[in-house]
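Biologist: Hi! I'm new to this one. Could you walk me through it?
Modeller: Happy to. Let me put it on screen.

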Amino acid sequence: MSVAVLGAGAFGTALAITIARGGTPVTLWARSATHAEEMANTRQNSRRLPGVELPENVTVTAEIGAMSANTLLLAIPMQQIAGFLAKNGHRFASGAIVACCKGVDLETGLGPTATISAACPGAVSAILTGPSFAIDIARGLPTALTLACRDEAAARRLQSTLSTETLRLYRTTDTTGAELGGALKNVIAIACGVTIGAGLGESARAAVMTRGFAEMQRLARQLGAQPETLSGLSGFGDLALTCTSEKSRNFSFGLALGRAETFDAGKTVEGAATARAVARLARQNVAEMPITSVVASVLENRITIREAVEALLSRPLKEE
Ligand SMILES: NC(=O)C1=CN([C@@H]2O[C@H](COP(=O)(O)OP(=O)(O)OC[C@H]3O[C@@H](n4cnc5c(N)ncnc54)[C@H](O)[C@@H]3O)[C@@H](O)[C@H]2O)C=CC1
Ligand SMILES: O=C(CO)COP(=O)(O)O
């Protein structure tokens with residue numbers, strides 16, 4: 001069994017570390033040659049996971065041509081996947097490609113596995129998603145994630161290849177549910193961050209999380225997901241983690257927005273693009289998504305935070 005990780009950001013590096021600790025050799029690809037060299041020399045990814053050592057059986061490279069493995073983990077941000085695969089997908093025509101990202105492509109409206117399948121139709125596409133901060137995985141803290149793949153046999157194989165002593169994977173064939181849970185919770189986490197940042201209180205945050213979960217389930221059901229998937233690790237689990245921790249970039253981004261502070265533009269905040277992609281679906285009447293819609297409007301500077309709160313509070317009273 002060989003595993004390769006494309007993308008030496010926080011998540012890709014953490015996955016490479018935990019899988020390698022379990023004894024499987026891993027090749028980790030970084031797009032920058034300088035970064036790859038730095039990691040190979042210092043045996044750590046000081047840009048993303050400072051202080052965590054790369055096991056000996058992690059090989060770091062910037063040579064995309066050197067990346068051949070029957071299991072490839074694609075750990076680059078959602079909005080970059082289509083472009084990356086348009087350029088490099090021919091190299092990965094068969095085998096399994098596991099998306100390790102959360103979001104909806106702004107241009108196509110597709111999720112990670114459909115984006116992979118469109119570029120690499122001969123490959124098996126899967127997604128690894130759920131509640132986990134990269135640093136927790138890298139430190140070997142206990143973590144549980146969802147591995148989703150439509151092909152049941154491939155799902156079982158990937159589950160066993162990628163589970164480690166500390167990273168426990170649950171499997172499902174419901175890729176739609178798993179990827180929508182991961183994508184949509186980031187938008188709700190931004191809304192929760194704004195709520196706390198603007199001083200609206202923890203009770204309001206609980207309301208946003210709960211009503212946010214209701215709209216996540218509504219859209220997912222409409223798009224054919226199984227309700228249990230949304231209640232699992234990739235949906236409720238990740239929502240709970242991301243909406244309550246300042247370690248989350250989506251939550252922290254919202255927090256800064258609510259406080260009218262600036263936020264480091266170099267950080268990956270997947271929920272920002274996802275909010276806009278999903279608000280489009282709401283406008284096409286696919287499902288009612290009031291919180292996601294106001295997050296998108298705030299990010300596009302069409303309304304202020306005060307107007308967003310007023311819009312949510314003045315909605316007609318209804319049955320829960
Ligand atoms: N950091 C975390 O705790 C977790 C992150 N994720 C997901 O993992 C995905 C990646 O996030 P992180 O690793 O945290 O982000 P990051 O910002 O740490 O790393 C992103 C990596 O992608 C590379 N990259 C960006 N554009 C690229 C392109 N066009 N071609 C090739 N490489 C490119 C960057 O060089 C960087 O190494 C996101 O979808 C995120 O939601 C999921 C669970 C946990
Ligand atoms: O997805 C994550 C936790 O499961 C990481 O959250 P952020 O991308 O908001 O940092």
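Biologist: Thanks! Which residues does the UniProt domain annotation cover?
Modeller: This is a predicted model. The unreviewed UniProt entry gives "domain: Glycerol-3-phosphate dehydrogenase NAD-dependent C-terminal" for residues 174–310.

Biologist: And how much helix and strand is there over 174–310?
Modeller: That stretch is 74% helix and 0% strand. The C-alpha atoms at its ends are 36 Å apart.

Biologist: Let's look at helix packing. At what angle do helix 7 and helix 11 cross?
Modeller: Roughly 35°, with the axes of helix 7 (residues 175–197) and helix 11 (residues 249–258) coming within 6 Å. The crossing is right-handed.

Biologist: Which residues meet there?
Modeller: On the helix 7 side they include Asn186, Ala189 and Ile190, and on the helix 11 side Asn250, Phe251 and Ser252 are among them. By type, the residues of this contact split into 11 nonpolar, 8 polar and no charged.

Biologist: Switching topic: in the largest nonpolar core, which residues touch the most other members?
Modeller: Leu74 and Val98, in a core of 58 residues. Helix 1 (residues 10–21) gives the most to this core, with 8 residues. There is also a second, separate core of 41 residues, and Met216, Cys243, Ala279 and Val295 are included in that one.

Biologist: What is Val98 in contact with, leaving aside neighbours within four places in sequence?
Modeller: Its partners are Thr71, Leu72, Leu73, Leu74, Ala126, Ile127, Leu128 and Leu158.

Biologist: Where does UniProt place the "binding site" feature?
Modeller: The unreviewed entry lists Phe11, Arg31, Lys102, Ala134, Arg249 and Glu270.

Biologist: Take Phe11. Buried or exposed?
Modeller: Phe11 is buried, because 26 other C-beta atoms lie within 10 Å. Phe11 sits in helix 1. Beyond four places in sequence, Phe11 is in contact with Ala75, Cys100 and Ala134.

Biologist: How far is Val26 from Ile291?
Modeller: Their C-alpha atoms are separated by 40 Å, and the two residues are 265 residues apart along the chain.

Methods: Residues are numbered from 1 along each chain as its sequence is written. Chains are lettered from A and ligands numbered from 1 in the order in which they are written. This is a predicted model: local features need pLDDT of at least 70, side-chain atom pairs count only at pLDDT 80 or more; totals for chains, interfaces and linings use all residues. UniProt positions are given in the numbering used here, feature names are shortened, and annotations may be inferred rather than shown by experiment. Helices (H or I, at least four residues) and strands (E, at least two) are DSSP runs, numbered from the N terminus. A nonpolar core is a set of buried Ala, Val, Leu, Ile, Met, Phe, Trp, Tyr and Cys residues joined through C-beta atoms within 7 Å. A residue is buried if 20 or more other C-beta atoms lie within 10 Å of its own, exposed if 12 or fewer, and partly exposed in between; C-beta atoms are placed from the backbone. Two residues are in contact if their C-beta atoms, placed from the backbone, lie within 7 Å. Axes are lines fitted to C-alpha atoms, for helices over the stretch in contact, and angles run from 0 to 180 degrees between N-to-C directions. A crossing is left-handed if the near helix is turned anticlockwise from the far one by less than a right angle, and right-handed if clockwise. Ala, Val, Leu, Ile, Met, Phe, Trp, Tyr, Cys and Pro count as nonpolar, Asp, Glu, Lys and Arg as charged, and the others, Gly among them, as polar.
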